[in-house]
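Have the model open while you read.

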Amino acid sequence: MPKALLRRAAYAALLIALGALSACGTTSVNPVTGKTERTVMDEASEIAEGRKAHAQVLQEYTQLADPKLQAYVNELGQRLAKASHRSHLTWHFTVLDSPEVNAFALPGGYVYVTRGIMAYLESEADLAGVIGHEIGHVTARHGAQRATRQQSAGIGVLAASVLGAVLESQGLGGAGQLIGQASQSVAAGYNASYGREQELQADGLGAEYLSRSHYDPKNMVDVIHVLKNQERFAAEQARLEGRPAPSGSSWLASHPSNDQRLSQISQTAQQYAGIDGSKNYQDDGRARYLAAIEGISYGESAEQGLSRGRNFYHPGLGFALTAPAGWKIQNGAEALILSNPEQDAGLVLRPVPAKFSGSHEQILRQILPQAEQVQVDKLSLGGLPASHINAVQRNAQGQRLPIEFTLISGPNKANYMLIYRARDANAMARASRRMQEAEASFRPMTPADRAAAKPWVLRSVTMPAGGFAQLAKTSPLGERAEAQLRLLNGALDADPKPGQKVKIVASAP
């Protein structure tokens with residue numbers, strides 16, 4: 001559940017800023033290749049635009065509230081940056097409080113890793129590989145190259161992006177779109193913008209910076225294995241649930257073929273290690289790494305809301321609701337989505353922007369000023385005042401589209417919209433009764449809800465003789481706990497030895 005509705009607006013604003021630079025072009029020497037290339041961003045512009053985008057990232061995400069872990073990641077990042085081709089930059093390394101398996105960089109020396117990707121890494125050297133890869137994007141000036149390419153898009157395309165962001169921010173924006181349609185974020189935009197050759201170059205630079213920092217560059221191979229394992233697990237989970245394999249804005253989804261990357265980075269790592277592998281490297285820092293991530297949140301956090309089976313709890317906002325049997329809960333960055341098994345209909349819960357206030361009637365007039373055939377039915381959901389609205393609204397092409405949603409005055413004086421969405425009228429008719437069932441479950445959190453709404457955290461334990469099967473018996477992860485624990489520890493095909501430290505997921509006290 002989002003902290004803001006700014007993802008598209010932030011990214012579109014960044015595109016406008018980068019596009020505006022296209023008025024003046026120059027040439028510069030690439031610090032990595034030594035070649036002269038045309039660019040619309042000199043180094044000062046990179047730093048300035050990175051600083052602006054950094055503020056937008058921190059609107060979209062939240063920094064992880066763990067000073068020790070932030071300091072650990074920053075110290076590691078600074079060491080790698082010092083060994084890079086642009087050591088003179090002022091580098092910034094930030095851990096984001098997000099369960100996404102992701103990392104990205106902005107021009108000018110801004111690098112981010114999520115706690116989500118950190119959960120699946122096995123050592124300090126693995127983390128160094130991820131950070132080194134992102135440093136490589138900055139040192140090779142991939143962001144500046146991207147801005148130069150963007151010049152050909154034209155301001156008209158960029159303005160259309162901004163228009164979409166404005167419509168989205170108005171409340172119901174995109175109500176006719178299918179559920180689960182992803183929006184563009186700053187992170188996703190930068191990841192998606194890199195070409196295959198740029199990603200492979202960043203892999204090679206990551207291996208080089210590992211070697212220069214006295215880590216074995218073969219740890220870049222381990223990182224690619226982590227991504228491959230993620231792909232395998234996600235595809236298997238999707239198959240078991242009868243849905244297509246996922247794609248999205250995560251680090252693994254935005255990069256080229258992992259089979260290709262694994263082959264190339266293996267050769268690169270061998271090159272930096274020396275053909276006979278005789279170069280001496282420090283240990284991979286696994287013990288230090290496990291100590292650093294001990295106790296961090298795993299999956300959703302209490303601040304973002306918690307999905308537990310059919311229930312969704314948001315302790316911070318004080319509400320809960322329950323999905324119908326067989327429906328899925330998707331806790332996204334912009335909205336909470338309850339979708340039917342066919343994935344063609346569902347409910348979308350999102351906050352009403354704070355600028356829309358007053359009674360339900362006043363809010364309705366603000367978010368749908370030109371609505372026609374408006375029908376409002378007063379409800380009470382869990383003792384909370386609500387209004388169910390059916391209306392017709394014209395889109396930009398003049399088409400008259402039906403809109404159905406419920407306004408709820410939630411706890412803590414916040415207002416919410418439960419938006420009914422479906423692929424077509426038949427899907428809406430089939431799912432309508434279940435949507436009403438889910439809507440009726442919206443409630444202030446009860447003592448029982450609060451007892452069930454415990455976040456999950458990472459812990460390190462000694463591997464028992466019974467292996468992951470034994471650990472799975474007390475895990476809160478559910479039916480596929482053993483498979484998820486194997487994934488978490490990079491052990492899909494073999495068990496660590498008894499007595500070795502492994503990561504588990506536990507309920508917070």
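Two strands count as paired if DSSP finds at least two bridges between them. The helices (H or I, at least four residues) and strands (E, at least two) are themselves DSSP runs, numbered from the N terminus. Keep in mind that this is a predicted model, where local features need pLDDT of at least 70, side-chain atom pairs count only at pLDDT 80 or more, and totals for chains, interfaces and linings use all residues. Residues are numbered from 1 along each chain as its sequence is written, and side-chain values use heavy atoms, with hydrogens and water left out.

| Partner of β12 | Residues | Sense | Bridges | A facing pair |
|---|---|---|---|---|
| β16 | 415-422 | antiparallel | seven bridges | Tyr416 and Pro351 |

Is β12 buried or exposed? Seven of its seven residues (345-351) are buried, so the strand is largely enclosed by the rest of the structure. Buried here means under 20% relative accessible area, with a 1.4 Å probe and protein chains only. In a regular strand the side chains alternate between the two faces of the sheet. Both faces of β12 are covered: Ala345, Leu347, Leu349 and Pro351 are buried on one side, and Gly346, Val348 and Arg350 on the other.

Now the helix. In α5 (residues 124-139), 16 of the 16 residues are buried, so this helix too is largely enclosed by the rest of the structure. From first C-alpha to last, α5 reaches 22 Å, close to the 22 Å expected at 1.5 Å a residue; that expected span is 1.5 Å times one less than the number of residues. After α5 comes Arg141, with a positive phi near 60 degrees.

How values were computed. Buried means under 20% relative accessible area, exposed over 50%, partly exposed in between (1.4 Å probe, protein chains only).
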